Amino acid sequence: MKKALITGITGQDGAYLAAFLLKNNYQVFGSYRRSSSSNFWRLDYLKVSNHKNLSLIECDLNDQGSVLNCVKKIIPDEIYNLAAQSYVAVSFDQPYLTSMTTGLGALNILEAIRHTNKNIKFYQASSSEMFGKVLETPQNEKTPFYPRSPYGVAKVYAHWMTINYRESYDIFASNGILFNHESPIRGLEFVTRKITDSVAKIKLGLLDCLEIGNMDSKRDWGYAYDYVEGMYKILQHEKADNYVLATNKTETVRNFLTYTLDTLDFNYVFEGKNENEVCINKDNNKVICKVNKSFYRPSEVDLLKGDYSKAKKELNWEPRTDLKKLVEIMTDADYQRNKSGTVY
Ligand code: NDP
Ligand code: GDP
């Protein structure tokens, strides 16, 4: 039975990947950092918390000794480094912590591999945020980076360290450059989940109005469930490399909101421009969405659209869920949860 170590097991992708690998007969070790309250709800949601082949192990990515011990104890066949301070907006307020965890955290694992067993395969969760102020569209593996946030800069560092350890020490170290991917267990601070949860609450009379930032920003959104299979395929390929996983489609935040409103049968109209834009419920004339400038970022990534043709050709990977379907899945889940009083 193959052994996989997943860092960031408590996060969205960590939970989906754990479920995927367990289903594929792996022994899964999930590392998490100590906190005063338990946060394994995503593993509960996917019903894998009590799986006999899942073990949880405490390890903070910022503590090199802790990372080394963890790798030494397990000697996994594969390591998926998904742990990060992953929220762009917070990276502007906590650039140092973000650089440590999201950037140097990857180096801590690579060093642990170098000093324990160089046959361990390594997957780095690289990000479309590295393309930032995009230099071409769509973006592919060869598009130069222009990160626009401390998060993006930290991811570029980890990306290049991964390549450097591949080339210097012959370690099987690959980067998955993943474009935004969402799900019913996405963090509530990300715009997609914030929208589906808030609109569900408005429908149920639990919230009056959604306050949002830049609605013109465009993202290439896919379904996390599809993307973790891509991570696995990247490590099964005959040679280590870099791969874009995306949908090659892009939509505005405003469109994501309209798909959500449509899913819950709202009758609405948008009025005004920029920071004065509002969305009005035509059935009762109430403002159900307005712009709050505090959600704007010091520097924005305006447009992301990923060309995944290399992953399709070499890994036989393709996204299976379009945006409308994804919005439906997320909105239905949030509507049911809010209706039953479940808080995530
Ligand atoms: P999440 O924010 O949901 O999960 C991040 C995980 O990292 C959590 O388990 C978190 O633990 C853990 N973590 C944070 N700091 C530390 C630390 N110091 N030591 C150990 N663990 C830590 O992110 P996703 O699951 O969405 O993303 C997975 C990875 O993919 C991340 O690296 C992200 O940057 C990257 N990525 C994600 C994309 C997306 O659209 N989802 C797109 C491209 C890249 P805790 O629960 O304790 O906070
Ligand atoms: P990101 O692509 O990793 O930064 O994912 P987010 O979901 O955090 O943000 C996606 C886009 O939505 C960015 O361009 C944000 O500026 C924009 N956005 C607009 N309003 C909001 C909001 O209220 N919250 C968040 N998180 N993003 C918002």
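User: Hi! Let's start with asparagine 274: does it count as buried or exposed?
Analyst: Asparagine 274 counts as exposed, because its relative accessibility is 51% and the cut-off for exposed is over 50%. Bear in mind that this is a predicted model.

User: Got it. Where is asparagine 274 found?
Analyst: Asparagine 274 sits in the loop between strand S13 (268–271) and strand S14 (278–281).

User: And what about the phi of asparagine 274?
Analyst: Phi is near 45° there, which is a positive value in a residue other than glycine. Asparagine 316 also has a positive phi, near 55°.

User: Let's switch to ligand 1. How many residues surround it?
Analyst: There are 26 residues around ligand 1, and the closest are Thr10, Asp13, Arg33, Ser86 and Tyr151. By class, that shell has nine nonpolar, twelve polar and five charged residues.

User: Which element gives the most to the shell around ligand 1?
Analyst: That would be S5, with three residues. H1, strand S5 (121–127) and helix H6 (150–169) each supply at least two.

User: What touches the oxygen atoms of ligand 1?
Analyst: Here are some of the polar atoms to look for. A backbone N or O atom of glutamine 12 is 3.0 Å from an oxygen atom of ligand 1, and a polar backbone atom of aspartate 13 is 2.8 Å from an oxygen atom of the ligand. From asparagine 39, a polar side-chain atom lies 2.9 Å from a ligand oxygen atom. On its own, ligand 1 has 900 Å² of accessible area, and the protein covers 90% of that.

User: OK, now ligand 2. Which residues come nearest?
Analyst: Of the 17 residues around ligand 2, the nearest are Lys194, Ser217, Arg219, Arg297 and Glu300.

User: How does the shell of ligand 2 divide by class?
Analyst: It divides into seven nonpolar, four polar and six charged residues.

User: What are the distances from side chains to oxygen atoms of ligand 2?
Analyst: An N or O atom in the side chain of arginine 297 is 2.5 Å from an oxygen atom of ligand 2. Serine 217 has a polar side-chain atom 2.6 Å from a ligand oxygen atom, and for an N or O atom in the side chain of glutamate 129 the distance is 3.0 Å. As for cover, ligand 2 taken alone exposes 530 Å², of which the protein buries 98%.

User: Next topic: the strands. Which elements make the right-handed β-α-β unit?
Analyst: S1, helix H1 (residues 12–23) and S2 make that unit. Strand S1 (residues 3–7) pairs with S2 in the parallel sense, over five bridges.

User: How many residues of S2 are buried?
Analyst: Five of the six residues in strand S2 (residues 27–32) are buried, so to speak mostly covered.

User: Last one: why does threonine 247 count as buried?
Analyst: Threonine 247 counts as buried because its relative accessibility is 12%, and buried means under 20%. This residue lies in the loop between strand S11 (242–245) and strand S12 (251–252).

User: What does the side chain of threonine 247 reach?
Analyst: It makes a polar contact of 2.7 Å with the side chain of aspartate 220. The threonine 247 side chain also reaches the backbone nitrogen of lysine 249, at 3.1 Å.

Methods:
Residues are numbered from 1 along each chain as its sequence is written. Chains are lettered from A and ligands numbered from 1 in the order in which they are written. This is a predicted model: local features need pLDDT of at least 70, side-chain atom pairs count only at pLDDT 80 or more; totals for chains, interfaces and linings use all residues. Side-chain values use heavy atoms; hydrogens and water are left out. Buried means under 20% relative accessible area, exposed over 50%, partly exposed in between (1.4 Å probe, protein chains only). Helices (H or I, at least four residues) and strands (E, at least two) are DSSP runs, numbered from the N terminus. Two strands pair if DSSP finds at least two bridges between them. A crossover is right-handed if, with the strands pointing away from the viewer, the path from the first strand over the helix to the second runs clockwise. A residue is near a molecule or strand if one of its heavy atoms lies within 4 Å of it. A polar contact is a pair of N or O atoms within 3.5 Å; within protein, one must be able to donate a hydrogen and the other to accept it, and residues adjacent in sequence count only if both atoms are side-chain atoms. Accessible areas come from the Shrake-Rupley method with a 1.4 Å probe; for residues, only the protein chains shown count as cover. Ala, Val, Leu, Ile, Met, Phe, Trp, Tyr, Cys and Pro count as nonpolar, Asp, Glu, Lys and Arg as charged, and the others, Gly among them, as polar.
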